[in-house]
Each structure stands twice: as structure tokens, then as C-alpha cells.
Amino acid sequence: MASARRPLVAGNWKMNGLQRSVAELAKIIAAGGELAARLDIAVCPPATLIADFAARARGSKIMIGAQDCHAEPSGAFTGDISAEMLKDSGAQAVIVGHSERRSLHSETDAAVRAKALAAWRAGLIAIVCVGETDAERSDGRTNAVVRRQMDGSLPDGATAENLVVAYEPVWAIGTGLTPTPADVAEIHGIIRARLGERYGAAGQGVRILYGGSVKPANARELMGVANVDGALVGGASLKAEEFLAIAGAYR
């Protein structure tokens, strides 16, 4: 698993978590210091918990992120949250373009790109998600879909410091199904090549995470695949023990 790129394991809590969930964060902070010598660890709770989590994580090695943002810095957008508001709450990164946002909220590549630019404007790392549906996979369009999403969703000016790409095959999210290591290697190789074509040397430093039913049982194998620089973890990130076990693949 040797790589010039520092691994990142990020937990996407989705619409889960209440104030009592701080107990899970406390466990992650307590154990994260030892792991931080080898990788970066991020927790992305719902917006209601960001400020509290960020305050509790301050001074630790754990980064707090968000799950979405609006493209505009402010305005008449009832119920939305700007990247600047997330930054002000203590967030350091934001996930944009997750498949659930693309499908349930009809987000286009252009909308995702605008959100990534908003993240950069606010000084946040943009974690941009790409990935194919089961139907697209069955039609043999995985490579084309991922390339199209990257070209449409990633802004110009990306660097290793402001961008992370997360490959999440939609058919694997929450299903218990995962691609084979060979499948993951192929897609991550395509993503890496496209990053290099688009951004040159800077693109070689951008981290590519794998997401989709990542668990302690398969983390070491998946994290050992070429061009896999960590994981975007869904359900398994809600329990500190499982999340830390996945991060422990880098021990």
C-alpha cells in the first residue's frame, strides 16, 4: 500500500446522528492519534452536528467535513447551506456529487462542478463523487460514465490540496456488493489517467477514494489496490469500532 499520496479514510454519516453520537466521535478522536501517523481521517456528520463535532475535534488529528453545500455564498435559498457557512462551522471538507444527491435531487455534473468551486471559494477540500449505476454497468458504460462525470464535475485548477475524487459504484452502495479488486484497479486507473491528462503533475497527487460497501473485512484488500488512496465509508462509519478497523488497514 505504499504511495506518495497520503491515504484518507472519510466517513459519510448521511442522514444519521444525534447529539448522543458525539460518543462515537470521541472514540474516533481517542484512537485516531495513533493512526494519524499513517493517514488522514475525516468524519462527515449531518449539518446539525458539524459545529459541535468541529469544536470537539479541535486540536486532534480528526478532520470534520460536510455532506453537501449550495453553490452560492448566500441568498434566498431556504433550507440550503453555503460552503462559507460550513467553513464558519468548522468544516474542512465537503462531499459533493454523491450518487444520492445526483439521483434523489437530480444534480447534474454542472451543478456538482459549481458546488466544488464553491467549496474551493470557501477554503474547503472538495470530495467529488463519481460512479455508475447498475444499469450503466450492465450496458458496459462504466468507463464512459465515469469519464463524463469527471469531465463535467471537476473544475479547472484542481490540486492535491483542494480536490479528492471518490469512486462509488452506485450498485455497491449499501448493498453488501463490491467490485472485484481487478474491477476497482481498472476504474481507478482510468480516473488516475484522466486526472493526469487534465491537471498534469498536480493530477498525480490528487487522492482517489473507493466507496461502496467498504467494511473491516474487505478494507485491507481494497485499500491495497493500485491507485486506491483510501475510502469513503458509509454505514460502517457510524460505529467507531468499524470505522477505525477500516482505517486500521493502513497499520
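Select Tyr-167 and Tyr-210 to begin: both are buried. The model you are looking at is predicted.

**The whole chain**

Along the principal axes, the C-alpha trace spans about 45 × 45 × 35 Å. How does the radius of gyration of the protein chain agree with that of a compact globule? With 251 residues, such a globule would have a value near 18 Å, and the protein chain has 17 Å, which agrees.

Switch to a surface view. The accessible surface of the protein chain comes to about 10,600 Å², and 54% of that area belongs to carbon and sulfur atoms. Buried residues make up 52% of the 251 residues.

Colour the charged side chains next. The protein chain has 27 positive and 27 negative ones, and the centres of the two sets lie 4 Å apart.

For contacts, take pairs of residues at least 6 apart in sequence. Of these contacts, 74% join residues at least 24 apart.

**The aromatic pairs**

How many aromatic pairs does the structure hold? There are 2. Select Trp-13 and Phe-53, which form an edge-to-face pair with 5.4 Å from centre to centre and 90° between the planes. Trp-13 lies in the loop between strand 1 (8-12) and helix 1 (22-35), while Phe-53 is in helix 2 (residues 47-57), so the pair ties together parts that are 40 residues apart in sequence. Trp-13 counts as buried because its relative accessibility is 2%, under the 20% cut-off. Phe-53, at 0%, also counts as buried.

Return to Tyr-167 and Tyr-210. They form a tilted pair, 6.2 Å centre to centre with 55° between the planes. Tyr-167 sits in strand 6 (residues 163-167) and Tyr-210 in strand 7 (residues 207-210). The two are 43 residues apart, so this pair links distant parts of the chain.

**Two backbone angles**

Most residues other than glycine have a negative phi. Select Ser-106, which has a positive phi of about 55° although it is not a glycine. Look for Ser-106 in the loop between helix 4 (99-104) and helix 5 (109-121). Is Ser-106 buried or exposed? Ser-106 is exposed, with a relative accessible area of 58%.

Finally, select Asn-227, in the loop between helix 10 (216-223) and strand 8 (230-233). Asn-227 has a positive phi of about 70° and is not a glycine. At 23% relative accessibility, Asn-227 counts as partly exposed.

How values were computed. Residues numbered from 1 in each chain as written. Predicted model: local features only at pLDDT ≥ 70, side-chain atom pairs only at ≥ 80, totals over all residues. Heavy atoms only, no water. Rg over C-alpha atoms; globule rule 2.2 N^0.38 Å. Buried < 20%, exposed > 50% of the residue type's maximum accessible area, 1.4 Å probe, protein only. Contact = heavy atoms within 4.5 Å. Areas by Shrake-Rupley, 256 points an atom, 1.4 Å probe, with all protein chains shown as cover. Lys, Arg positive; Asp, Glu negative; His and termini not counted. Charge placed at Lys NZ, Arg CZ, Asp CG, Glu CD. Phe/Tyr/Trp six-rings, centres within 6.5 Å; stacked < 30°, edge-to-face > 60°. Helix = DSSP H or I, 4+ residues; strand = E, 2+ residues; numbered from the N terminus.
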